[in-house]
Amino acid sequence: MPRLLPILGWSAVAALGAAAFAVLALHRGESISAAWILVAALCTWAVGYRFYSRIIAQRIFALDDARASPAVRLSDGHDYVPTNPWVVFGHHFAAIAGAGPLVGPILAAQFGYLPGTIWIIVGVVLAGAVQDLVILCGSLRLDGRSLGELAREHLGPFAGWTTLFAITAILAILIAVLAMVVVNAMSESPWSTVTVGLTLPIAMLMGVWMRLIRPGRVLEASAIGVALLFGALWAGWAVHHLPHDSAWRQALTFGRELRHLPLLGEVTGREVMAWILIAYGFCAAVLPVWLLLAPRDYLSAFVKIGTVFLLALGIFIVLPDIRMPAVVSHDPARAIAGAIGAGDGPVLPGTLMPFAFITIACGAISGFHALIASGTTPKLIARESQARAIGYGGMLTESFVAILALIAACALTPGVYFAMNAPAGTIGREADAAAGIITAWGFAVGGEELRQLARDIGEESVLSRTGGAPTLAVGMALIFDRATSFIGDLKAFWYHFAIMFEALFILTTVDAGTRVGRFVLQDIIRPAWPALADGTRTWAVMATSLAVVSMWGWFLISGVRDPLGGIYVLWPLFGISNQLLAAVALSVGTVIIVRQGKARWAWITILPLLWLGGVTEAAGWQKLTHESPKVSFVAQARAKDAEAAGLEARIAELATDDQQLPALRKKAAAARQVAFNNRVDAWLCAIFMLVIVVVALDAARACLRHLRQARA
Amino acid sequence: MRPWRSFAAGLRLAWALLRDWSGDDAYERYCRAHAGHGHDLLSRRAFYRRYFEERGKRPRCC
């Protein structure tokens, strides 16, 4: 009888989850309650954690508290510190959860709510959490070594160098795409610009407090910082209510107007914002950590955890209806379905298969997590058995954040969702015209509805606010506003609170990522040029920081100048690079399992590796060979070259004093630049695809060699 | 009385975990761990300079 109860209980949980999935998949009404998504997710994750993670923890790695962990064995009070498991979980979660699980699911909502829901819930159980736990356990068994060191140890020097290359490339693209999200969220919004801008002096004040005024009083400084953030929200509100022609408001309206920059001439407001972020990234990387990076990290972590908790609470209280159709690209009633089915979706290019998986990325599996699960977290774990909750449980928690974001986006009216996420080149800049285009796609929305929403959230416009952050902010604002409706209409406050929350931890990734990129770059160049890799020399720190900032800055500026908008181009490249790193981590994980003598369990990493490798290679192949310039980097480069050649031919025909010449020359140069940018993206994509194949083959070779040696 | 005591104990534990996670009590832990080892302890200010430097090396994910 005592054994029967758990069996019955877990069977009931599994049946409930399956029933929720059935309702989500078969429902064909106008809307469906978000409760079904939550039930499907929580039941699947409970079963996955209870049974699937147990296989990894007990059958494969035989985690045993009697075996001293690296933190205990090598304890030095510095790098290796046995730490309370809740505290380790907090560090691990704060490190792995960034903007990816929020932005990816929102962009993937273009395909409908069902593809994202299934991949986030099932993908994390079978792939993402598996990767994190296997790498964490593998690192625990090798003194807490990093992914690059694990790759070198288990696969050889080639894989080690390949991993370092992959980390550098993904860092550059990651920082650029996240900075792009901030540019899109803040442009044309003085309220957001003031609020987010003020977080910098607030963080510096915290830094001075924690370092000089009251050394080490972290919680005290954080409380002051969080209180001041509300002051920053108020300051943004005050600027927003200034007359339109006031100098302050004009200066802070980054967006449509052309600005003059030294050396660059006339540029758009978005480009000015991008250059400001690049300058910020460089300053944050070279300034003392205590002054900016550490206090921002605290501020971001507290706001992140608090807001995610509030969002979960709000969704559980409100249980909003999901208004997005289950699958948009297969819905014959929608004109847009044909475009998405052909790979010309308005939010992101590419068909549901394989691009939905590349787009969701971090919410289901993120290669970047392998960097945290190796090298950092294992040096804090006091007992081996705690790895299961931290590695597998941490990733399930991140996936929960992704599901919350998906719900917030899909609870919006689909017409509003597409108005916010389609580029201006597709729907224009005027509300009535945009509403007409989106209604023709099959999602009824009115121009006045879009204008009213903009007024409600205290913005000039909600059109083409691409990048996912504004969409999430609107979704969160509507949910929070319903939960706090007894106070009054707080949509504008909650919208800008959400933008501040997103910008805070995105900027933390920008500055911490630039700094970590510097360390990785120094590791790479150390054998060839030790002086440049010396972190104690100011010139070396400046030079390597400048190199890292230049790498991501190049992608950012090319994204800002791209005619289809940066997110349209950069996010798929980011998804491919992130999944590449995951494929490298799963390859390393497979070799670790085989070398543990558990080859019969190797399918647990081989299956997600095959799936991930397949979808990433398929997406990469389309980015290189698809005929549509919207999907393929190569086709876009050719189209832009043809456009430039046409313009240059026209220029040759005109007289040298023709008034049209300067404008035509500028357009031709811009087209050539976009063609060049797309060629660089295509080469990177091809290299990523090659790396996945080479590392997977290298892993297969290492596994076979080990098995042959074991038999002999 | 017992539920109140359990609640207060839970709050104390949560506060201790929060201080541990944030590093608010890092200097106290450092002093406890290194007291009586025969070498000079860092000052609070010097300790936190090194502590924040180490925190800055931690990667932040996407």
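Student: In which helix of chain A is the place of Phe309(A)?

Tutor: Phe309(A) sits in helix α13, residues 293-318 of chain A. A helix here is a DSSP run (H or I, at least four residues), numbered from the N terminus. This is a predicted model, where local features need pLDDT of at least 70, side-chain atom pairs count only at pLDDT 80 or more, and totals for chains, interfaces and linings use all residues. Residues are numbered from 1 along each chain as its sequence is written, chains are lettered from A and ligands numbered from 1 in the order in which they are written, and side-chain values use heavy atoms, leaving out hydrogens and water.

Student: Is Phe309(A) buried or exposed?

Tutor: Buried means under 20% relative accessible area, exposed over 50%, partly exposed in between (1.4 Å probe, protein chains only). Phe309(A) has 55%, so it counts as exposed.

Student: And what about Ala644(A), buried or exposed?

Tutor: Ala644(A), in helix α27 (residues 633-653) of chain A, is buried because its relative accessibility is 0%.

Student: Which residues is Ala644(A) in contact with, leaving aside neighbours within four places in sequence?

Tutor: Contact means heavy atoms within 4.5 Å. With those neighbours left aside, Ala644(A) is in contact with Ala668(A), Ala671(A) and Arg672(A).

Student: How far apart are the C-alpha atoms of Ala644(A) and Pro629(A)?

Tutor: They're separated by 15 Å, and the two residues are 15 apart along the chain.

Student: Last one: is Arg708(A) buried or exposed?

Tutor: Arg708(A), which belongs to helix α28 of chain A, is exposed because its relative accessible area is 55%.

Notes
Helices (H or I, at least four residues) and strands (E, at least two) are DSSP runs, numbered from the N terminus.
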